[in-house]
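Here is a short briefing on one chain. Please have the sequence and the 3D view open side by side.

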Amino acid sequence: MRRKPAFVTLVYLALGALWLILGSEWIRYLDQSMPERDMRFLYGYKNLIFLFISGLILFVLIEMYRRSISRMENNYKQLFEGSIAIIYVFDRESFRLLEVNERMVEQYGYTKPELLNMTVMDLRPETEFSKLTEYLKSPHKEGRATEVWLHKTKGGKIFHALISHHRTIYKGQEAYTVIAIDIEVYVKAEERIKELLKVYETVTSVTNDVIWEYNPGTNELKWQNGFSEIFGYTEDLRENTKEWILSKVHPEDQEYMEQSMAESLEQLSNSWRCEYRLQCADGNYKYVSNQAFILLDAHGQAEKMVGALRDITIRKNYEHRLLRKNEILKNIAWENSHKFRKPVSNIIGILNLMKIEEKGTDATWLTMLERSALELDEMIGQINERTNVIGEDD
């Protein structure tokens, strides 16, 4: 901004010096060429011409500067009045409002004359009077987004405003120019988010779910609350990468789990789910169910995975016990249908023969009957032992 006035000044000085030097030389030349006439009177005309031209140049420059200032004032006024932010100017000593824009009139509910008869204290709840006075009277930071303050409308509504201010001179008075942005909606949204986070933390504290987030582009994996408590990995024991968590998957499940995730990302599925065994910090394995949603970016590529890791060890152990019991019951059923038939058939056959004989019972048949009965008793004992094992598992 300063280069243009400096350039104009240098040009003016150069032309003025050139005019004075060349004008004097020209008059001296005429005086020598025409000795019969006295040409010194031309010096007066030269000075008058110089004064006239200088005055004209100064007038033009001053008028250009005035118009430039006027345009700047109009631009600033349009910005001041047309801004979507609240803008006001107040006296640095008395705190009286000196100028306000239309947005401030709309926000606070006062008319412009009413505001210009008020101080900035009238726009604050009483709880902030002493704090604001101390802040303005002491050295403090000025500039962009300096602090959040509570403001009050004419109807008594309290809202949060983000303040930016700087020192200025307004109509000869030392003042502050303030830009205020109503951020009440954002404050309430933040409070709502905090409430939801508390609810989430409460829910996750009574479940075995751990929320996680994975970014395929940066390979960054983030764990929420519960991961350390359930699996024992504190921050110093873990790495926030996919490779690290894969290294904790049971060797027998690792390939299946990794392939399952890769296919979901490649196919851009909406969701992914997989069950596998995950090693804890103490070396033991827990069965887990991992379920995630895949979020896509504007280009349709996988941008993020957000999922929940759940400890299902108790459920899996119960399933294994059920499978074992089922296998035992199947064996018992098979024995009932096959092995029992032999001794039972023997007993039935011997009894039929004994009914046919008229002279009495043969000792051989009694031996066979006894042997069959013993076999049957032994099988019943084995069944009782197996059923007792099922009871112990419960």
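Which residues of helix α5 (residues 129-137) are buried? They are L132, Y135 and L136. Their arc around the axis covers only 90 degrees, so they sit on the same side of α5. The model is a predicted one. The points below start with the whole chain and then move to local features.

**Whole chain**
- The chain has 394 residues, and 30% of them count as buried.
- Its secondary structure comprises twelve helices and ten strands.
- Take the contacts with a separation of 6 or more: 44% of them join residues 24 or more positions apart.
- The accessible surface is about 26,800 Å². Carbon and sulfur atoms hold 56% of that surface.

- L132, Y135 and L136 form the buried set of α5.
- S130, E134 and K137 lie on the other side of α5, and these three are exposed.
- The general rule for such helices is 3.6 residues a turn, so residues three or four places apart point the same way.

**A nonpolar surface patch**
- W19, L20, I49, F52, I53, L56, I57, F59, V60 and M64 make a nonpolar surface patch of about 910 Å².
- Two helices, α1 (3-33) and α2 (42-82), each supply at least two residues of the patch.
- The largest share comes from α2, with eight residues.
- L56 is one of the patch residues, and its place is in helix α2.
- The relative accessible area of L56 is 46%, so L56 counts as partly exposed.

- F95 is a residue other than glycine with a positive phi, near 65 degrees.
- F95 lies in the loop between β1 (86-91) and β2 (97-100).
- Is F95 buried or exposed? F95 is buried, at a relative accessible area of 8%. The cut-off for buried is under 20%, so F95 falls within that class.
- K171 also has a positive phi, near 50 degrees, and is likewise not a glycine.
- Where does K171 lie? K171 lies in the loop between β4 (158-170) and β5 (173-182).
- K171 has 70% relative accessibility, so K171 counts as exposed.
- Both residues sit in loops between strands, but F95 is buried, whereas K171 is exposed.

Conventions:
Residues numbered from 1 in each chain as written. Predicted model: local features only at pLDDT ≥ 70, side-chain atom pairs only at ≥ 80, totals over all residues. Heavy atoms only, no water. Helix = DSSP H or I, 4+ residues; strand = E, 2+ residues; numbered from the N terminus. Buried < 20%, exposed > 50% of the residue type's maximum accessible area, 1.4 Å probe, protein only. Contact = heavy atoms within 4.5 Å. Areas by Shrake-Rupley, 256 points an atom, 1.4 Å probe, with all protein chains shown as cover. Arc of directions from axis to C-beta. Patch = residues over 30% accessible without salt bridge, like charges linked within 9 Å, V, L, I, M, F, W, Y side chains within 5 Å. Salt bridge = Lys/Arg side-chain N within 4 Å of Asp/Glu carboxyl O.
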